[in-house]
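Subject: Structure handover and notes

Dear colleague,

I am passing on the structure we discussed, together with my notes on it. Please open it alongside this message as you read.

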Amino acid sequence: MKDLSLWKKEKKVKDAVPSTKPNKIYKTPNKSWEIKDKVFKIKIADLLNETGREDQIVFEHKFSDQLPNLDATGVAWSFTIQSLDNTSLLGTLTDVSACFHETCDSCGASFMRAVEVPLYAWRFVFEDDVKKKETAESEEVLFYIDSKAETINIEDIVVQSILLNDPFVKRCDACTKRLANVSDDEEDFGEFEAKWNITFS
Ligand SMILES: [Zn+2]
């Protein structure tokens, strides 16, 4: 467990490093920050020197400020990173799993929602290279390599893979089952009711 003094020291070092992304907002961490592992950085210097090399890393019990409803187990995933050439890397997340504390949109009950993301892939590049040929590739999801530290931070990617799979409406198991069973009947009934109202009002 990290004590507070150690954390403060780390924070100061981080602030002293000039950032190339001035818009980055650091949220004030809550107290639980000290004991939760929120490091998503990976050293990639070796990979960039060796085209075709592939590394696999398994992550467990990770926490992000962007996922406030995460349960105590945190997020787990397997991460494969492959060097494409000396300026770009291909990252692949597999078997991302997490569990969230949720409130049911139908009945208001608290429930746990499990999330499983089988696969999520993207490319890492040096930011300068993209600016040079900005118009070339457009739709592709790109993330940037910190060229000074020779690291990548995969927090945003892990969070994105989970949020992209978020259902529009979150319902507890009981409500999901109930609505799955009656949905067809309900639609017919709704139509009937509408006609009834028009005829007799
Ligand atoms: Zn419910």
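Predicted model: local features only at pLDDT ≥ 70, side-chain atom pairs only at ≥ 80, totals over all residues.

Residues are numbered from 1 along each chain as its sequence is written.

The secondary structure of the protein chain comes to 5 helices and 7 strands, where helices (H or I, at least four residues) and strands (E, at least two) are DSSP runs numbered from the N terminus. Read from the N terminus, the elements follow the order α-β-α-β-β-β-β-α-β-β-α-α. Of the 201 residues, 12% count as buried; a residue is buried if 20 or more other C-beta atoms lie within 10 Å of its own, exposed if 12 or fewer, and partly exposed in between, with C-beta atoms placed from the backbone. Among contacts in the chain with a separation of 6 or more, 62% come from residues 24 or more positions apart, a contact being two residues whose C-beta atoms, placed from the backbone, lie within 7 Å.

The sheet is an open one of 5 strands in the order β2-β3-β4-β5-β6, with mixed pairing; two strands pair if DSSP finds at least two bridges between them. Its edge strands are β2 (54–62) and β6, each of which pairs on one side only, and the twist from one strand to the next averages 30°. The strands β2 and β3 run antiparallel and are joined by 7 bridges, and Ile-57 has Phe-79 of β3 as its bridge partner. Helix α4 packs on this sheet, where it touches β3, β4, β5 and β6, and its direction makes about 55° with that of β4 (axes are lines fitted to C-alpha atoms, for helices over the stretch in contact, and angles run from 0 to 180 degrees between N-to-C directions).

Within α4, the residues Ile-157, Val-158, Ser-161 and Ile-162 are buried. They lie on the same side of α4 because they cover an arc of only 135° around the axis, the arc being that of the directions from the helix axis to the C-beta atoms. The cover over the buried residues of α4 includes β3, β4, β5 (110–126) and β6 (142–145).

The largest nonpolar core has 20 residues, and those with the most contacts inside it are Ile-44, Val-75, Trp-77, Leu-93, Val-96, Ile-154 and Val-158; such a core is a set of buried Ala, Val, Leu, Ile, Met, Phe, Trp, Tyr and Cys residues joined through C-beta atoms within 7 Å. The elements giving two or more residues to this core are α2 (45–48), β3 (75–85), β4 (88–103) and α4 (155–163), and β4 gives the most, with 4 residues. Leaving out residues up to four places away in sequence, Val-96 touches Val-75, Trp-77, Val-117, Tyr-120, Val-158, Ser-161 and Ile-162.

Ile-44 is found in the loop between β1 (41–43) and α2, and is buried because 20 other C-beta atoms lie within 10 Å. Ile-44 and Ile-152 are 108 residues apart in sequence, yet their C-alpha atoms are 7.0 Å apart in space.

Cys-104, in the loop between β4 and β5, is partly exposed, with 18 other C-beta atoms within 10 Å. Beyond its neighbours within four places in sequence, Cys-104 has contacts that include Lys-170, Cys-172 and Cys-175.

Best regards
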